[in-house]
Each structure stands twice: as structure tokens, then as C-alpha cells.
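Please work through each task before reading its solution.

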Amino acid sequence: MEQYVIKGGNPLVGDVEICGAKNAALGILAASVMSDESVIIENLPDVSDINILIKAMQSIGVVVEHIDRHTVKINSSMISSTTVDSVYIKKIRASYYMLGALLGKYRKAEVALPGGCNIGSRPIDQHTKGFKALGADVRISHGHISTQADRLVGNHIYLDVVTVGATINIMMAAALAEGKTTIENAAKEPHVVDVANFLNSMGANIKGAGTDVIRIRGVEKFHGTTYSIIPDQIEAGTFMFAAAITKGDVMIKNIIPKHLESISAKLIEMGCQIEEFDESLRVVASKRLSHTQVKTLPYPGFPTDMQPQIVTTLAICEGMSIVTESIFENRFRYVDELTKMGAKIKVEGNSAIIEGVSKLTSSSLSAPDLRAGAALVLAALATEGISTVDDVVYIERGYEDFPEKLRSLGALIEKVSSEQEITKFKFKVG
Ligand code: UD1
């Protein structure tokens with residue numbers, strides 16, 4: 001089994017380049033099948049969730065050509081099926097984006113029900129409510145969700161909860177429906193805006209993305225485009241916390257500082273210095289950081305995908321902190337791993353009550369999901385000894401070259417797949 005082996009204790013120092021946003025890329029890749037002309041997507045992160053979606057698209061006849069590591073050329077004029085049921089698709093949450101994309105283009109779609117990270121029950125009722133409002137029939141049986149419509153007609157849709165997935169899915173289907181659609185209580189995340197901008201670059205008419213009311217005037221068909229994906233807010237945030245937890249000094253490059261405001265604000269409150277530039281941020285932590293309170297919220301609030309990273313950092317900050325998770329109910333499973341390292345964290349309902357300790361100790365850890373996995377790596381970087389993190393497949397779903405990027409900042413971390421390699425690492429780092 002592949003693991004990361006980490007010797008902590010080094011402050012991270014240097015520059016790190018952030019990749020394209022995984023969650024925007026998933027929506028944009030799926031939406032690219034809606035055009036019959038060639039679509040070029042740039043700044044695509046090379047992570048397993050993206051590569052799985054590409055394989056699933058290829059399984060229905062989409063031609064995907066890799067121009068370089070981060071650029072693909074997509075041609076969807078030869079799609080031979082609207083049923084996406086490859087071995088791949090069940091592994092990722094964003095498989096549901098194929099529903100909105102294919103329903104919009106072909107008025108018909110069937111997709112094996114989504115998997116993804118186990119961070120709580122993840123209903124899709126708002127997606128189906130939206131498709132139905134556009135006139136589609138939706139059925140769920142034998143682990144598949146299928147939808148079809150004779151005509152897709154625009155409608156007024158109020159989302160009962162703020163959901164990124166349903167906002168994007170409905171936006172895609174409505175973009176090729178007849179007439180006008182309004183999505184109220186829409187999600188405002190940067191990747192919702194990025195997918196809307198991408199659809200508009202193919203000829204869609206979508207206004208208001210980034211606010212809670214999105215207005216879509218359906219068009220008949222899309223043309224080709226070349227589009228570059230926005231930087232990854234969560235990868236950037238993770239490296240910001242990596243700097244904070246190791247008392248480092250890191251320049252996070254190729255980012256949109258505006259997207260990181262809620263994260264920067266918390267780090268400043270905790271005692272970090274943050275310098276903002278046009279497309280980069282410098283995070284410096286020169287002393288022991290202090291406690292804070294935070295509640296995860298839809299954008300522009302503090303992201304749920306940054307919750308494990310802030311809890312982990314607060315575990316060694318001075319004082320008592322409270323972190324409340326308001327988006328997913330099962331997102332504190334990694335806390336047991338931190339407890340093994342000496343953290344004092346009590347989970348009560350949807351809050352973690354954290355009594356900061358002066359240091360964590362090294363341990364053998366297991367990544368329970370993508371973001372918690374990254375947070376455990378940060379925890380290991382903050383200890384003096386040697387730790388291992390198992391189940392790194394989760395981390396690789398969303399972080400490109402994570403160990404390599406950390407190493408470039410001075411971290412001692414290696415990906416290994418045998419005891420022998422761990423021994424070699426221990427010998428090397430002394
Ligand atoms: C996306 C992100 C994920 C992030 C989350 C919240 C992708 C691939 N994943 O997930 O990394 O943590 O946004 O920012 O982009 N809900 C319903 N009914 C629905 C849909 C959602 O009740 O039909 C609820 C969910 O249970 C959750 C909340 O709405 O409590 C937000 O979920 P949503 O924004 O849809 O998350 P995802 O799109 O799955």
C-alpha cells in the first residue's frame with residue numbers, strides 16, 4: 001500500500017505554484033461534452049478525480065487528447081451513448097455533472113449513482129428537483145439515476161439548501177433549454193462562476209453567477225472554445241495552513257487572493273502575517289499562533305473543505321478554539337487520528353472543541369478522506385518525529401504532486417510502498 005512517510009519539524013519556506021481548481025475542472029470537463037465543436041481546456045489539474053472523469057467521458061465516445069500535462073482538447077461530436085456506467089464513474093462525486101450536461105444536450109442521460117468522499121449523507125434531491133422543474137422525468141433504480149425529457153423548458157427554481165453541485169448541474173441543463181430559467185438561493189462559490197464563464201464562452205447566456213440569483217436564457221447549441229480554469233482555492237488554502245502550522249514563510253503563487261479572503265482573515269486572527277499581491281499571497285508565522293472560533297459556511301464563508309486543516313492547526317495553537325461544521329455532518333472522522341498524536345479535541349454534535357497543546361507527537365495515520373488526509377500530512381509536518389500517512393489515494397484525488405510541492409518548501413516527505421523504502425527514508429533523514 002502506498003503511504004507518505006514524513007519527518008516533521010522543518011518550517012516550510014519558499015514559493016509554491018497552485019494548480020487549476022479541481023472542483024471547477026470537474027464541472028467544466030462535464031460541460032465540455034455539450035458542444036460538438038472542439039473545446040480546449042487549460043490549467044487542468046493532474047489529479048485522480050479529473051483523470052477518472054476523463055476516462056468516464058471516453059467510455060461514451062468523447063475524444064480527449066492531452067496536449068500537455070495540464071491541457072486537453074475535447075471533441076464530443078461522436079458520443080455514442082448517454083449512459084455513463086463505467087467502472088470509473090462511481091468512484092467520484094462529480095459524476096452527477098454528466099447528468100446535467102447530457103440532459104441539456106441530448107434530453108436524456110443515465111449515470112451510475114455517485115461516490116466520492118465519505119463526509120456525511122450527500123443527497124441529490126435538489127439536483128432532481130431542478131431537472132424536474134425543467135420538465136424532465138427523473139428515476140432512480142438499481143444504483144442508477146436516469147433522466148429524460150421530450151422538451152426542456154426554463155423555469156423558476158428555488159434551491160432549499162445552498163448547493164454547489166445542484167447549482168452547476170441545473171445551470172448546465174438550463175443553458176440548452178428553451179426559454180428563461182432563474183435559480184434562486186444559488187451557490188456563489190468561485191467554481192460555480194468558473195463553470196458559468198466556461199458555458200458562456202461556448203455561447204451560453206448565463207448572468208448573475210457569483211450572486212444568489214442566476215438567470216439563464218437557453219440557447220440552441222454551443223460552439224467550441226479555449227478556456228483556462230481558475231486556481232484552486234482549497235489547494236492554496238492548504239498550503240497557507242502548511243505555512244502556519246510549521247511556523248514557516250511561504251509565497252503561494254498563481255492564485256486569486258479574493259477567493260482566499262475567509263482563509264486569510266482567520267490566519268490573521270490567529271497571528272499570521274499575510275501579504276497580498278496581485279496573483280500571490282505570502283503567509284508568515286513567526287510565533288505560536290492563538291485560538292479562534294470558526295463555522296464553515298457556503299462561499300464567501302469559511303469553506304468546509306478547509307475545516308480539517310484549520311482544526312489541525314488549532315490543535316497546537318494557544319487556548320481553546322471551537323470549529324463548527326455546518327455543511328456536512330460526518331466531517332470530523334479524522335479527529336481520532338489527531339488524538340493519537342496527543343491533540344485534545346472533543347467533538348460534540350457538529351462542533352469540535354479544541355484545547356491547544358504545545359506540540360503533537362508523530363504517529364501512524366490513515367487518511368479518511370481527501371481534505372482530512374491533507375490535514376494529517378500537515379499535522380505530521382508539525383511534529384518532531386517520523387509519521388506515516390496511509391490511504392494516500394484519497395489525497396491524490398485532489399492534490400497534484402503534494403509530496404513534491406511540500407519537498408520544494410523544505411519538507412521531508414516521501415511516497416513509499418514498502419517497509420524497505422521507509423527504512424531507507426529514515427536512514428536518509430537521520
Ligand atoms: C461540492 C464540492 C465539495 C465541497 C462542497 C461544499 C465538488 C465536486 N465537491 O460538493 O468539495 O465540500 O461542494 O462546498 O465540487 N445537499 C442537499 N441536497 C442536494 C445537494 C446537496 O441537501 O441535492 C446538501 C448537502 O448534503 C450539503 C450541502 O447541501 O449539506 C452542500 O452540498 P453541495 O454544495 O451540493 O456539495 P457538493 O456539490 O456535493
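**Exercise 1.** Determine the handedness with which helix 1 passes helix 6, and characterise their packing.

*Solution.* Step 1: the crossing of helix 1 over helix 6 is right-handed (the near helix is turned clockwise from the far one by less than a right angle). The model is predicted: local features need pLDDT of at least 70, side-chain atom pairs count only at pLDDT 80 or more, and totals for chains, interfaces and linings use all residues. Residues are numbered from 1 along each chain as its sequence is written, and side-chain values use heavy atoms, without hydrogens and water.

Step 1: helix 1 (residues 22–32) and helix 6 (residues 190–201) have axes 8 Å apart, at an angle of about 25°. Helix 1 is therefore roughly parallel to helix 6 (angles under 35 degrees).

Step 2: contact (heavy atoms within 4.5 Å) involves, among others, Gly27 and Ile28 of helix 1 and Val195 and Phe198 of helix 6.

**Exercise 2.** State the strand order of the open four-stranded sheet and locate its edge strands.

*Solution.* Step 1: the order is 2-15-17-16, with mixed pairing (two strands pair if DSSP finds at least two bridges between them).

Step 1: strand 2 (13–17) and strand 16 (273–276) are the edge strands, each pairing on one side only.

Step 2: strand 2 runs parallel to strand 15 (residues 249–253), joined by five bridges; Asp15 stands opposite Met251 in strand 15.

Notes. Axes are lines fitted to C-alpha atoms, for helices over the stretch in contact, and angles run from 0 to 180 degrees between N-to-C directions. Helices (H or I, at least four residues) and strands (E, at least two) are DSSP runs, numbered from the N terminus. Angles under 35 degrees count as roughly parallel, over 145 as roughly antiparallel, 65 to 115 as roughly perpendicular and the rest as oblique.
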